Amino acid sequence: MASKFQNRLIGTIVLVAIGVIFLPDLFDGKKEHYQEQFASIPLQPEIADQEEYAVIPEPEFEDVILPQEPVSAVIGDEGFELTSDSKMAAVVKSAEPLTVKPQPVKSPKINNINSGWVVQLGVFRNFENAHKLVADLRKAGFQAHVFPKQPKSGDLARVVVGPDVSKDKLSDQVVQLEKLTGLKGQLVRFNPLNP
């Protein structure tokens with residue numbers, strides 16, 4: 001038979017199990033469960049609820065005959081007379097036709113691509129020397145730039161002063177630039193698409 005200790009142990013386990021299972025329900029009180037009410041969505045709208053739509057009429061086309069002669073206008077009180085139509089269209093009486101001379105429009109021919117000038121001071125292999133010269137020219141108040149020569153020519157940099165629209169202004173600066181840098185500048189056209 002089982003010993004007293006085993007009986008007490010089994011009894012204690014049974015009481016603890018009953019307490020763990022049923023006591024929480026006793027102490028919680030009355031539980032309220034909430035369920036949301038869902039409205040069902042109809043799969044197809046009811047046919048009786050449809051509204052009647054107005055039918056759009058087809059467009060009406062009217063045959064219009066244009067006059068064979070050009071229309072001329074008469075200036076004065078007698079120039080217009082109204083017809084008896086309900087649309088009250090104005091009819092122009094024929095008289096001397098008005099002649100209008102078209103005046104030719106003068107368009108200035110400005111070649112924007114070749115409209116500027118620059119002074120090319122030199123072509124350098126060393127970019128540091130070219131940038132140093134440009135910095136000195138800018139300190140002196142000139143508008144100087146470094147442009148790479150053509151991409152096919154390799155590592156060459158062009159130092160130019162300008163661009164300016166006035167060729168005379170830049171030709172006057174050539175002498176000042178020669179005194180400042182010791183380089184004889186050449187006046188060339190500026191192309192903004194291929195500087």
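A word on the record before we start: UniProt positions are given here in the numbering used for this structure, and annotations may be inferred rather than shown by experiment. Keep in mind, too, that this is a predicted model.

**The annotated stretch**
- The unreviewed UniProt entry marks residues 9–27 as "transmembrane region".
- In the model, residues 9–27 come out as 100% helix and 0% strand.
- From one end of that stretch to the other, the C-alpha atoms sit 26 Å apart.

**The aromatic pair**
- Searching the whole structure turns up 1 aromatic pair.
- F147 and F190 are the partners, with ring centres 6.5 Å apart.
- F147 has a relative accessibility of 17%, and buried means under 20%, so F147 counts as buried.
- F190 is buried as well, with a relative accessible area of 17%.

**The salt bridge**
- Side chains of opposite charge can pair when their charged atoms come close.
- The count here is 1 salt bridge.
- It joins D164 to K169, whose closest N and O atoms are 3.5 Å apart.
- D164 is partly exposed, at 22% relative accessible area.
- K169 is also partly exposed, with 45% relative accessibility.

Note on methods. Residues are numbered from 1 along each chain as its sequence is written. This is a predicted model: local features need pLDDT of at least 70, side-chain atom pairs count only at pLDDT 80 or more; totals for chains, interfaces and linings use all residues. Side-chain values use heavy atoms; hydrogens and water are left out. Rings of Phe, Tyr and Trp (its six-membered ring) pair if their centres lie within 6.5 Å; planes under 30 degrees apart count as stacked, over 60 as edge-to-face and the rest as tilted. Buried means under 20% relative accessible area, exposed over 50%, partly exposed in between (1.4 Å probe, protein chains only). Helices (H or I, at least four residues) and strands (E, at least two) are DSSP runs, numbered from the N terminus. A salt bridge is a side-chain nitrogen of Lys or Arg within 4 Å of a carboxyl oxygen of Asp or Glu.
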